[in-house]
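Have a look at the structure first.

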Amino acid sequence: MRHARRRIVRRGARCAAVGGLLCGGLMVTHAMASEPSASSRAPESAARLAADKGSGLVSRLGTSRTAGSWIAADGRPVVAVTDSATAAEVERAGARPKVVRHSMRELKSVAQALKSAPRVPGTAWAMDYVNNEVVVQADSTVSAPDWSRMTKLGQSMGSSVRMERTQGTFTTRLNGAQPMFSTGGRCSAGFNVTNGKNEFILTAGHCGPAGSVWFADNQGTKQLGQTITTAFPGNDFSLIQYNNGENDTGNNVVAIGGGKGVQILGAADAAVGQRVFRSGSTSGLHDGRVKGLDATVNYPEGTVTGLIETDVCAEPGDSGGPLFSEGIALGVTSGGNGDCTTGGTTFFQPITKAMTALAVKLTGPGAQGQGASGSAAQNPPAPAASRGTAVAPGSAAPGSVQAVGSGDSVRLLDRLTDPANIGPGLLVIAGSIIALVATRYIRTEQDRNRYRRQYSQSWG
């Protein structure tokens with residue numbers, strides 16, 4: 001009876017081990033089949049597809065027949081058009097047309113006239129595609145006479161201009177999402193980029209002039225690197241070269257607080273109506289919408305053009321921090337007004353424009369498919385589940401969240417236990433092999449012991 005029980009136990013153990021081998025093999029096969037290729041690690045979101053369709057139609061139809069595009073609340077692309085024939089073309093292409101009074105050519109002419117007028121610090125303007133007008137804002141520092149002159153100029157341009165007074169002041173946010181300190185103040189790191197030889201932090205240009213030395217702590221004991229090039233005013237971006245030419249992680253993760261971060265997988269241009277996220281070392285993670293593009297801001301330090309206008313809040317110290325959505329880099333924090341208690345307007349330097357000017361590209365997975373010019377990666381089509389399906393911009397997420405600052409052993413353990421990787425299958429296979437070897441060894445030892453007992457008894 002005892003021998004029968006032993007045989008049943010051994011057979012059960014062998015069956016379990018063989019089953020483990022088969023299960024582990026299936027897990028490895030599934031993980032390898034579902035593992036994205038190097039060229040497809042920056043998938044298109046539905047918002048990105050909608051934005052690309054809208055901007056593509058605007059580019060094809062021209063500035064005299066269109067006046068910009070945006071993402072509607074239901075996730076569909078909308079294109080502003082100036083006539084019914086163009087509206088029909090847009091509809092046939094799968095987008096929603098909106099007939100407006102002013103073309104993009106007219107709106108750009110208004111923006112150029114504002115730029116040519118005497119500069120007034122504390123003012124800003126951007127194109128509002130949804131309402132088909134250029135919105136001119138003035139903060140609390142603009143005097144009554146200056147505002148009166150600006151208002152008369154706006155009125156002379158007709159219905160294409162809307163004048164607004166705002167609370168607070170338009171300032172650069174000197175003082176991402178990780179904090180950086182220099183003698184000039186405090187900023188936030190933006191994105192890790194490379195020129196193929198060295199690695200850098202791409203951040204705001206107003207954070208400091210070329211030659212500024214940056215530290216990871218305000219005691220000045222952990223030196224990060226030095227600013228090697230900067231563009232401000234006019235633009236608002238700069239490069240900080242790491243001390244040893246490369247960052248410690250070789251990765252591109254944006255810290256969002258709580259020991260977590262978002263993996264950056266690519267870069268693209270922002271779209272009006274898109275839900276976006278900003279992270280900074282002062283106020284942490286906040287979200288909002290893109291309100292306008294090609295914005296001009298007259299800071300006290302100088303004028304910056306070509307910015308992204310959003311209703312995301314920011315505070316001093318958030319300067320240079322990253323703007324992103326669905327794991328896609330969009331810009332770095334320039335400035336704005338208000339705070340994260342009362343809200344406000346924040347402007348961002350577009351990331352694609354900065355990378356092109358600096359001849360750099362994102363490091364890590366974000367470098368896949370990018371050229372040295374730093375242009376946005378050409379991403380593959382979206383998964384079949386999202387093709388042709390409108391997803392509301394409000395459903396957009398920051399991206400893939402992971403731990404920040406963990407050690408190598410923790411990262412390795414996470415990878416091994418992640419069902420999306422082949423690690424779990426390999427662990428099951430290894431455990432099954434050990435179980436087979438162990439059961440075989442136990443059976444051999446039992447047979448050897450029985451033989452010894454039998455042999456010793458026969459000579460007893």
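## Disulfides and cores

Cys340 counts as partly exposed because its relative accessibility is 24%; the cut-offs are under 20% relative accessible area for buried, over 50% for exposed and in between for partly exposed (1.4 Å probe, protein chains only). Before going on, keep in mind that this is a predicted model, where local features need pLDDT of at least 70 and side-chain atom pairs count only at pLDDT 80 or more, while totals for chains, interfaces and linings use all residues. Residues are numbered from 1 along each chain as its sequence is written, and side-chain values use heavy atoms, leaving out hydrogens and water.

So what is Cys340 bonded to? Its partner is Cys313, and Cys313 is buried because its relative accessible area is 9%. A disulfide is a covalent bond between the sulfur atoms of two cysteines; here the cut-off is a pair of cysteine sulfur atoms within 2.5 Å. By this rule there are two disulfides, and here they are side by side:

| Disulfide | Sulfur to sulfur | Angle about the S-S bond | Handedness |
|---|---|---|---|
| Cys187 and Cys207 | 2.0 Å | -105 degrees | left-handed |
| Cys313 and Cys340 | 2.1 Å | 95 degrees | right-handed |

Number the bonded cysteines in sequence order, and the pairing reads 1-2, 3-4.

Now for the cores. In soluble globular proteins, nonpolar side chains tend to be buried together. A nonpolar core here is a set of buried Ala, Val, Leu, Ile, Met, Phe, Trp, Tyr and Cys residues joined through side-chain atoms within 4.5 Å. The largest one has 35 residues, and Leu293 and Ile308 are among those with the most contacts inside it. Which element gives the most to this core? That would be α4, with five residues.

Leu293 touches, among others, Met127, Tyr129 and Ile308, not counting residues up to four places away in sequence; contact means heavy atoms within 4.5 Å. Apart from this core lies another, of 22 residues, including Phe200 and Met355.

Note on methods. Helices (H or I, at least four residues) and strands (E, at least two) are DSSP runs, numbered from the N terminus.
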